[in-house]
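Subject: Model handover

Hello,

Please find the model below. My notes on it come after.

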Amino acid sequence: MTPIAGSVALNLAFGCSILSIITLFFYNRTADHRLFLTGQRLGLAVSFFVFIATFVLSYQLLISNFDIDYVARYTSFETPTIYKISALWAGQSGSLLFWLFILSIFNTITIIQNQSKHHTLMPWVIITMSVTQGFFLILTNFITNPFEPTQTDFIVENGNGLNPLLQNVTMAIHPPMLYLGYVGFTVPFAFAFSALVNKDTGVLWIRSIRRWTLVTWLFLSIGIILGGWWAYQELGWGGYWAWDPVENASFMPWLTATAFLHSIIIQEKKDMLRIWNMVLIILTFSLCIFGTFLTRSGVMSSVHSFTESSLGPVFLIFVFIILICSFGLMYFRIEDLRSPRKIESVTSRESGFLFNNLIFVVICFAVFWGTLFPVISEAITGNKISVGPPFFNQINIPIGLALLALTGIGPLLAWKGTSNQKLIQKFTFPTLLFLLSAVAFTFFKMTGYVVISFSLCVFVFAAIFSEFLKGIQARTSKFGESTLLAFYKMIHKNRSRYGGYIVHLGIVLMFIGFTGHAFDKEKEFGIKVGEFEKVANYNFQLTRMFEEERPNHYAWISDLRVTDNNGNFITNLRPEKRVYFHRNPDVNKRQPHSELDIFSTLNKDIYSIFSSVSNDNNTAFIKIMVNPLVKWVWIGGYLLAFGTVIALWPRKD
Amino acid sequence: MDLLKDYLFTLIVFLIPIMYSIQPLLLPKISTVKTSNSKDILRRKKIVLYRQIKELEMEYDIGNLDKEDFINRRSELKTEVSEIITELKKK
Amino acid sequence: MNNKIYSLVTGVVVVILFWIGWVSLNPADKKAMAQFISVKDLIDENISKRTKLGGLVKNGSIEISEANQLDCIFILKEGENELAVNYNKTRPDLFKDGAEVIVTGEYLNGVFYADELQTKCASRYEGDLRNESNYNLEEIDT
């Protein structure tokens, strides 16, 4: 299988995508069903050819064919097999092909799943997906081709290899997870666009894509959390979120997607918020493309950015086309989009969803504003000003807390409106707990946002708990079931709702983790063997420092004995400073790496980094961070995934 | 031999999908498609409506819906379901 | 949507836009904002407020203090322009001669005092493939 096959496959894929679009266009005009079949099959052919191209590239990576520039750049003979495979998404052109690959999988599934249904919507669904595939095919065919041969005048004996910093499992999984999220929103968007074209913006398109959206949302969420977890475990700056432009690029579509997920519930139940739903999915998809653009081009200075290339402008043009076509079409379909019903009361569940949408969009805008601040400020003042975490935190914390409050308030509201009597009945318990907690936390000398955040967590927890309780009570009184059976059956029969509540619980736990950040303490110091250093309420003693030569790196290891203020033993930490390729004669090819050690409990993480050793090898320079409550972020993440799986669990109808 | 393998490969991998795509165009014109299994569509609708009624009852039981609203909406849904059942009986 | 809700929504939007604008003009933390500037402009205009610079670490310029190994000084090279930078926190793993860095801090009396130092992400592997010496000739198997 020569690499040429890969290039040819990409060419054919591009050709088929154009033919598919043209054929389906003609189908819409002539209603000749043969044209639909051909267009549909051409859509499948595009995916097929993309699969071929991807397999060819993967094969070349596995056999280490260094005649291909991409293979030589990202692998070497010594690269472990799993990382030869993951090299597929390590570089720019490969990752774009990978995007296409995932889109092609989704394309195939969507077409096959809908073979017998949705005849009216499918032509434009396929057209939209073909256009998206076509865009990425333009990139991989003409601008950044993964099958580019190596441009050297000598035979390349061995490749560049993959940096050991990237050779860990999380780093291999994080991009595919995120891509599954980014790419996945193409399908709901395609259905939305088709619904607009066909003047059928009612419940049909929503029902078609609800599960799909939830799965995609799950992938995106996991991708984002994994990225944060990896940064925390590997990168050594002690945090999991830096409001980096690329992090923001994944967070923005997550925000609008979450709003969309909630909002379509309303359209399904009450046929309201049609316009919101359209806007939200258009924004989500555009932000996914924009996010891919931010990650791949060098536009924003970020630790993630790759070389600047002509990719940037092409992406931007595509995003503009999406926005203009979608919103333009919305304008012409505005009559079809007007919901027959109206929201009647502020204290109604519908209203709660509306404000939910609003706050998510607003946070998204705030993040967008901060991320593009350098571009905006340069346009206005001529000075390019970058904003850091304090900016994002100052803006987003109050809004985020409002969202947290809404997570508790929303489920307690009734449809159409909540009478005063019901308001008192539903809100008294959680509100009381909220106030009591606020007093308690203040008593424990906490202030400001921390008190509000923790108290709101209690509030939301109480609200969700009372919803579970009511559900159980309804079943026990109606069906005479035991509490446990009622609990199980209640969830079993209402997986979306209670799965969703479990997700909310996960979010509450994550907020607890986020709030712990306010109590972070850190210290950097030099220490000799036998000496003590105090950080927060812990004592650190360097008991031993030694060196070790290992197969592919050299390590300096420090043993730290951690005790608390009363002398009780807590743990031993063993951070290391490593140098990979330490035998390479070129000093610049030697790769230092800090292998940190973390002691993690529910209460706090003790995070240790071995920064460097003094020249006489007597003093170790250590950085210690004591980060309270971090573990709750990861626990919350697990609960979020668990809740989503429950919501997705198929029913046997 | 290698050349033959390459040609065979090209034929199978590249030509067949294209032929598969063009094949429908060679058939006689199909102007109407059996608006497929409308019975299936009705059955699916019935299930969705049943689910909605059940959910409505649950919402009422836990107090998210007031009585009047509940009764109105339930009778709406029940009417829809009986219409569908009548249609299905006809087929 | 009834009038009450409509005005509430508008109110929320206005308040938040105002809040965003307010923070943009008066951030509470001085570390919230930094101006991207070139080394040349920084020196020419002698800007003392918080700035962010990018460039390469000049080969051989990294000097680590004997007394405190966390404290180091190096030369930041942007094109032809050079600037002495002082940084006294844990240095990132990728920080070395020729590394691409972004520093944030304040410029005072000819030295740039950085409190943030970032190096480019490892996923971009440097090395001109046309140069044979850039290939790993001596990697040891695990």
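This is a predicted model: local features need pLDDT of at least 70, side-chain atom pairs count only at pLDDT 80 or more; totals for chains, interfaces and linings use all residues.

Residues are numbered from 1 along each chain as its sequence is written, and chains are lettered from A and ligands numbered from 1 in the order in which they are written.

Confidence: the scores are ipTM 0.86 and pTM 0.91.

Contact of chains A and B: chain A gives 26 residues and chain B 25, where a contact means C-beta atoms, placed from the backbone, within 7 Å. On chain B, α1 (2-22) and α2 (38-61) each supply at least two residues of the side that touches chain A; helices (H or I, at least four residues) and strands (E, at least two) are DSSP runs, numbered from the N terminus. The largest share of that side, seven residues, is from α1(B).

Strands in chain A: β3 (residues 532-535) and β4 (residues 538-550) run antiparallel, joined by four bridges; pairing requires at least two DSSP bridges. V535(A) is opposite Y538(A), and A536(A) in this hairpin has a positive phi near 50°. Twelve bridges join β4(A) to the antiparallel β5 (residues 553-564), with L542(A) partnered by L560(A). Two residues separate β4(A) and β5(A) in their hairpin.

Regards

Methods: Two residues are in contact if their C-beta atoms, placed from the backbone, lie within 7 Å.
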